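Try each task before you read its solution.

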Amino acid sequence: MNQPQETVKYICQALLEKKGRELQVLYVEQKTSLTEYFVICSATSTTQVKALADNVEWHLKTDHGLMPHHTEGFESAQWILLDYGSVLVHVFMPEAREFYKLENLWKDSQRVALADLGITDDEA
């Protein structure tokens with residue numbers, strides 16, 4: 001069983017591999033009982049939104065045996081949500097990210113630097 005922080009690292013690596021933009025990791029466990037982490041990412045097109053989400057699903061399943069409990073948004077690909085229990089992944093088109101402003105909604109939560117997850121500059 002993976003620790004949530006390891007799962008966050010794997011998710012971030014999969015998003016960066018497909019050139020996800022403006023990656024943010026929020027530690028929200030103290031603020032909600034829903035999950036421990038939010039991983040938020042932007043894409044440049046609906047095609048990339050789907051590619052990013054697909055890459056996360058593929059790597060987590062293939063490399064780590066993890067399946068999402070729930071997914072939403074693949075139809076419109078404006079905002080795809082992948083629910084891994086302790087980690088919620090949000091992949092947005094920029095307009096949807098600006099509209100929902102999750103970072104502002106959860107501004108009291110702790111931001112986690114990619115370096116703190118062991119992700120190096122050459123990966124990011």
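## Exercise 1: The core

Within the largest nonpolar core, which has 32 residues, I11, C12, L15, V25, V39 and Y84 touch the most other members. A nonpolar core here is a set of buried Ala, Val, Leu, Ile, Met, Phe, Trp, Tyr and Cys residues joined through side-chain atoms within 4.5 Å; buried means under 20% relative accessible area, with a 1.4 Å probe and protein chains only. This is a predicted model, in which local features need pLDDT of at least 70 and side-chain atom pairs count only at pLDDT 80 or more, while totals for chains, interfaces and linings use all residues. Residues are numbered from 1 along each chain as its sequence is written, and side-chain values use heavy atoms, leaving out hydrogens and water.

**Task.** Find which element gives the most to this core.

**Solution.** Step one: list the elements that each supply at least two residues, namely α1, β1, β2, α2, β4 (79–83) and β5. Helices (H or I, at least four residues) and strands (E, at least two) are DSSP runs, numbered from the N terminus. Step two: pick out α1, which gives the most, with seven residues. Step three: look at I11, which is in contact (heavy atoms within 4.5 Å) with V39, V56, L60, Y84, V87 and V89, leaving aside neighbours within four places in sequence.

## Exercise 2: The first helix

**Solution.** Start with length: α1 (residues 4–17) has 14 residues and reaches 20 Å from its first C-alpha to its last, close to the 20 Å expected. That expected span is 1.5 Å times one less than the number of residues. Finally, just after α1, K19 takes a positive phi of about 65°.

## Exercise 3: Strand partners

**Task.** Find how β1 runs relative to β2 and to β6.

**Solution.** Strands pair if DSSP finds at least two bridges between them. First, five bridges join β1 to β2, and the two run antiparallel; R21 stands opposite S42 in β2. Then turn to β6 (residues 110–111), joined to β1 by two bridges, again antiparallel. Here Y27 stands opposite Q110.

## Exercise 4: Cysteines

**Solution.** A disulfide is a pair of cysteine sulfur atoms within 2.5 Å. The closest cysteine sulfur to that of C12 is in C41, 8.5 Å away, so it is too far for a bond. By this rule the count is zero disulfides.

Technical notes: Buried means under 20% relative accessible area, exposed over 50%, partly exposed in between (1.4 Å probe, protein chains only).
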